[in-house]
Amino acid sequence: ENVEIITVEDNQPTTIHAAEAIYEQTNGRIFLNGGANITQGSNLVKGDNINAQLYPNKKLQNAVSRGNAFLRQITPERTVEITGNELNATFGVNEQPQNSFARGNAFLKQISPERTTEIRGNELNATFNGNGLLQNANSLGASTVVMVPTKALDYSRATMSSVNSIKVFYTPTGILNQM
């Protein structure tokens, strides 16, 4: 009940919460049930259930979240949130996301000083560059991309919809570049 596991390496804690947990410390496997979440720096993975693998240094390597699945990454430049019924996310040894795959009511939202971008689809695959910034996103099934400028005086808004798929590309600094 109300399990909390904190691993600390390099003065950076990884904090794990759930109603129930099984932690196989020797092989770095964690099975979480009920209100599960893993916080590592500014990254958060949560869901009803999470199965995770840790690197030998106890940092999150990958997580499969089922039920109300959610990934959030916050950098000084932007915030990225990805949700779905199921989410599979992998992280590099630098603790930054490498990729994520959301299935079932998949949704990606990126908030930056320039604009807010939202991508919806049945499935969503997002790839991050080595610095943890979005590199590209591919939405499968009935898909929609909406871009809304953040600046109050800019009223332009772009929307794109497709019944098959939409692929978007980001600049090396994580700004939406091309649809």
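**Contacts along the chain**

Of the contacts in the protein with a separation of 6 or more, 38% are accounted for by residues 24 or more positions apart.

I note that this is a predicted model, in which local features need pLDDT of at least 70, side-chain atom pairs count only at pLDDT 80 or more, and totals for chains, interfaces and linings use all residues. Residues are numbered from 1 along each chain as its sequence is written, and side-chain values use heavy atoms, with hydrogens and water left out.

**Overall form**

I checked the secondary structure, where helices (H or I, at least four residues) and strands (E, at least two) are DSSP runs numbered from the N terminus. The protein has 0 helices and 14 strands.

Along its principal axes, the C-alpha trace spans about 50 × 30 × 25 Å.

**Surface and burial**

The protein exposes about 9000 Å², and carbon and sulfur atoms supply 47% of it.

Of the 179 residues, 42% count as buried.

**Charged pairs**

Side chains of opposite charge can pair when their charged atoms come close. I searched for salt bridges (a side-chain nitrogen of Lys or Arg within 4 Å of a carboxyl oxygen of Asp or Glu) and found 2 in the structure.

One of them joins Glu95 to Lys59, with the closest N and O atoms 3.9 Å apart. This pair links distant parts of the chain, 36 residues apart: Glu95 is in the loop between β7 (79-91) and β8 (97-111), and Lys59 is in the loop between β5 (43-54) and β6 (60-74). Both Glu95 and Lys59 are buried.

I also recorded the salt bridge between Glu86 and Arg66, at 3.7 Å from N to O. Here too distant parts of the chain are linked, with Glu86 in strand β7 and Arg66 in strand β6, 20 residues apart. Glu86 counts as partly exposed because its relative accessible area is 26%. Arg66 is also partly exposed, at 39%.

**Rings**

I looked for a charge over a ring (NZ of Lys or CZ of Arg within 6 Å of the ring centre and within 35 degrees of the ring normal). Lys46 lies over the face of Phe70, at 5.2 Å from the ring centre.

Thr15 lies in strand β2 (residues 12-18). I found Thr15 to be buried, since its relative accessible area is 17%. Leaving out residues up to four places away in sequence, Thr15 touches Glu4, Ile5, Ile6, Asn37, Ile38 and Thr39.

Ser165 lies in strand β13 (residues 165-170). With a relative accessible area of 36%, Ser165 is partly exposed. Apart from neighbours within four places in sequence, Ser165 is in contact with Asn138, Ser139, Leu140, Gly141 and Ser143. I also looked up Thr144, which is 21 residues from Ser165 in sequence and 8.8 Å away in space, C-alpha to C-alpha.

Conventions. Buried < 20%, exposed > 50% of the residue type's maximum accessible area, 1.4 Å probe, protein only. Contact = heavy atoms within 4.5 Å. Areas by Shrake-Rupley, 256 points an atom, 1.4 Å probe, with all protein chains shown as cover.
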